[in-house]
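Hi everyone, thanks for coming. I'd like to walk you through one model today, so let me put it on the screen.

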Amino acid sequence: MGTKSSMLLQEEELDEIQRETGFSKNQIVRLFNRFTSLDKSNNGFLRREDFLRIPELAINPLGDRIVHSFFTESNEEEVNFREFMRVLARFRPVKKNQERNRMNDRDHKLRFAFKMYDLDGDDKISKEELVAVLHMMVGENISDDQLGSIADRTIMEVDFDKDNYISFEEFVKAMEKVDVESKMSIRFLH
């Protein structure tokens, strides 16, 4: 672990992050180096503007929502390395025979995806939230009327208790046949 920034990670902290997130020590050190390169203020924290300098996030239609997800766990304006790793862990590919209740298991991935749509954080997705996220994804390519129609149809099909919202349980049911484990995975630094 020869680089200066990797020296700042203590062996005990590496072990804890590895147990908590499932990343290898090598991956953690490399992600720590990436974290420190984004930390322009050199204070050990990232702010929203640091994330928005990442080209892949800047061009992603859901980039703002993804960046927001880093801050929901801490409820702060800054994210430390441990919080950064917890969010990234949700995108780790699922390995066969993986123990349950890891940050990257199906339930955690679905909760993360649900929060992408739950813009106001009230644990339900409204038609307005669904339209807003769809608009983020497709931009001006589809009219507001068409987006409203898609949202109406989605809620009608998924809203089993007919309260005009999609709960997490309804979201899970709707996603039953979707391979979330592979669709919400990023290959990290081999």
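Which residues of H6 are buried? Gly63, Arg65, Ile66, Val67, Ser69, Phe70 and Phe71 are, where buried means under 20% relative accessible area with a 1.4 Å probe, protein chains only. Helices here are DSSP runs of H or I with at least four residues, strands are E runs of at least two, and both are numbered from the N terminus. Seven of the ten residues of H6 are buried, so this helix is largely enclosed by the rest of the structure. The cover over those buried residues includes H4, helix H5 (55-59), H7, H8 and helix H9 (127-138).

Some ground rules before we go on. This is a predicted model, in which local features need pLDDT of at least 70 and side-chain atom pairs count only at pLDDT 80 or more, while totals for chains, interfaces and linings use all residues. Residues are numbered from 1 along each chain as its sequence is written, and side-chain values use heavy atoms, with hydrogens and water left out.

On confidence, pLDDT is the predictor's score for each residue, from 0 to 100. The protein averages 86, and 89% of the residues score at least 70. Over residues 1-7 the pLDDT is below 50, and this stretch has 13 contacts in the model beyond near neighbours in sequence, a contact being heavy atoms within 4.5 Å.

Now the aromatics. Rings of Phe, Tyr and Trp (its six-membered ring) pair if their centres lie within 6.5 Å; planes under 30 degrees apart are stacked, over 60 edge-to-face, and the rest tilted. The whole structure has twelve such pairs. One of them joins Phe51 and Phe71 edge-to-face, at 5.8 Å centre to centre and 80 degrees between the planes. That pair links distant parts of the chain, with Phe51 in helix H4 (residues 48-51) and Phe71 in helix H6 (residues 63-72), 20 residues apart.

Last stop: Asn104, in the loop between helix H7 (81-89) and helix H8 (106-117). Asn104 is buried, with a relative accessible area of 0%. Happy to take questions!

Key:
Buried means under 20% relative accessible area, exposed over 50%, partly exposed in between (1.4 Å probe, protein chains only).
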